[in-house]
Amino acid sequence: MDETAEKENNSTNSTRVENDYKIDDECDEVDVIPITTTTTKNALITTILGPCEIYPHRVKVSIVGVGKVGMACAMAILMRKMASEVCLFDKDGNKASAEAEDIQHAGIFLGNPLVTGTSDVSMLQKSAVVIITTPEKHLDEEPNVKDNMEIFRKIIPPIAKFVCNAVLVIVTEPVDVMSYIAYKFSKFPPNRVLGVGTLVDSVRFKELMSQRIGIARSSINCMTIGAQGRTSVPIWSSIDVAGLKLRDINPRMGEMDDPEKWYEVTEAIHESDEVLNIKKGPQGPNCWAVGICIAEIVDAVIRNTKVVLPVSTHIRNCNHGVERDVYMSVPCVIGREGVHCTVRQKLTDQEKLEVQACADSIRSILRECGILQEMCEEAEK
């Protein structure tokens, strides 16, 4: 009896197991999604929505010119992972696409951005910021404003057509002059066209002061304004550390009769670009400081940080003593729309004279290149 009962129980259990497997098989069959094309991709991904044509919530930054300065700007922006798409634009489309592909290969370490290279200006569409770095100046040569203006005449209007809501950031030298020309050719509101201006000079100012005082750069509040390069004006009267103005300690700081010779810092700022280019030789021009400064400006626009930076902006008249229609560097609040506003400064009479001299010099170059006459004739029509 026991043997018979045991056999019946085993038979029943075996039947239940078989039925369970049949049920599981049926469930598996229900869950299976039919794959029409047997590819590795289809086998790996169960639901295919189709190719994504645009990045969701993307932030696109475009760079015009893929020379050393342009690529330094691109790498500084990509390393900070602030853009989901970077477009490299150049008249040499093959070079632009090669640079883009080279970066794209290592995109996994840059936050997986989309990096493209092109000679098609329409590819700049939907950019939040467009950085103009072309043409780059050659070593041992002064920038040719007339030649640069003709290049801007060709490229700025079509760029403005396709990126009508973008902020234009000008790097091309002389940056204050070219920023004004870009503003006129683009017909953008002046707040949405700005130049890197004296931001590079200002960070060099901080660096040199940091070396002499022996404290962190971030703990020193100082900047240069006016025009980029040799005519930039370091504002010695407002330098402070932890709220203490250094001129309260040394009233002659930065002046030529300063017994501590702090004026040597001014000379070093003015000579820095030339000295570095000589040291670099054929590997120039200087590009890394400019690229990093541009990344800071782009970050301020994208994230609407409202940070105060000395950049080149449109000036008609202000308390800096300037009464000219020019682009020149003053402290600006940078946000989503470009230059949100400018910050007033209390300058000494000597500093006002130097800033006015910068404005006069910029205005003179604009007059020589013919852009002012063109704008007057256009206004009369």
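## Terms and model

Helices (H or I, at least four residues) and strands (E, at least two) are DSSP runs, numbered from the N terminus. Helix α5, residues 145-162, is one of them.

This is a predicted model, in which local features need pLDDT of at least 70, side-chain atom pairs count only at pLDDT 80 or more, and totals for chains, interfaces and linings use all residues. Residues are numbered from 1 along each chain as its sequence is written, and side-chain values use heavy atoms, with hydrogens and water left out.

## The largest pocket

Rolling a probe the size of a water molecule over the atoms shows where empty space is left. Here the search uses a 1 Å grid over the protein atoms alone. A pocket is an open set of points where a 1.4 Å probe fits, with protein on both sides within 12 Å along at least five of seven lines. Lining residues have an atom within 4 Å of a point. Grid points are joined across faces, edges and corners, and a volume is the space filled by probe spheres set on the points.

The largest pocket holds about 1,000 Å³ of space. Its lining has 42 residues, and Lys-137, Glu-142, Pro-143, Glu-173 and Asp-273 are the closest to its centre. Two or more lining residues come from each of α6 (175-186), α7 (199-213), α8 (263-280) and α10 (349-369). Helix α8 gives the most, with six residues. Both domain 1 (60-195) and domain 2 (198-369) supply at least three residues to this lining; the domain bounds come from an automatic or database domain assignment. By class, the lining has 19 nonpolar, eleven polar and twelve charged residues. Nonpolar covers Ala, Val, Leu, Ile, Met, Phe, Trp, Tyr, Cys and Pro; charged covers Asp, Glu, Lys and Arg; the others, Gly among them, are polar.

## The second largest pocket

The second largest pocket has a volume of about 600 Å³. It is lined by 25 residues. Nearest its centre lie Lys-91, Thr-134, Pro-135, Glu-136 and Ile-151. Helix α5 supplies the largest share of this lining, six residues. The lining divides into ten nonpolar, seven polar and eight charged residues.

## Two cis peptide bonds

Most residues other than glycine have a negative phi, and most peptide bonds are trans. The bond from Thr-134 to Pro-135 is cis, with omega near -10°. Pro-135 sits in the loop between β4 (129-132) and α5. Thr-134 and Pro-135 are also among the residues nearest the centre of the second largest pocket.

The bond from Glu-173 to Pro-174 is cis too, with omega near -5°. Pro-174 belongs to the loop between β5 (167-170) and α6. Glu-173 is among the residues closest to the centre of the largest pocket.

## Positive phi in two loops

Asn-112 has a phi near 55°, a positive value in a residue other than glycine. Its loop runs between α4 (93-104) and β3 (114-118).

Lys-306 has a positive phi as well, near 60°. It is placed in the loop between α9 (288-303) and β12 (307-315). Lys-306 has a relative accessible area of 36%, so it is partly exposed (buried is under 20%, exposed over 50%, partly exposed in between; 1.4 Å probe, protein chains only).

## Aromatic rings

A pair of aromatic rings is described by the distance of the centres and the angle of the planes. Rings of Phe, Tyr and Trp (its six-membered ring) pair if their centres lie within 6.5 Å; planes under 30 degrees apart are stacked, over 60 edge-to-face, and the rest tilted. The whole structure has four aromatic pairs. One of them joins Tyr-180 and Tyr-183, edge-to-face, at 6.2 Å centre to centre with 70° between the planes. Both residues lie in helix α6, three residues apart, about one turn of the helix.

Tyr-180 also pairs with Tyr-327: the centres are 6.3 Å apart and the planes are at 80°, so this pair is edge-to-face. It links distant parts of the chain, with Tyr-180 in helix α6 and Tyr-327 in strand β13 (residues 326-335), 147 residues apart. Tyr-180 and Tyr-183 are buried, and Tyr-327 is buried.

## Charges over rings

A charge sits over a ring if NZ of Lys or CZ of Arg is within 6 Å of the ring centre and within 35 degrees of the ring normal. Arg-192 lies over the face of Phe-188, at 4.5 Å from the ring centre. The charged end of Arg-212 sits over the ring of Trp-262, 4.2 Å from its centre.
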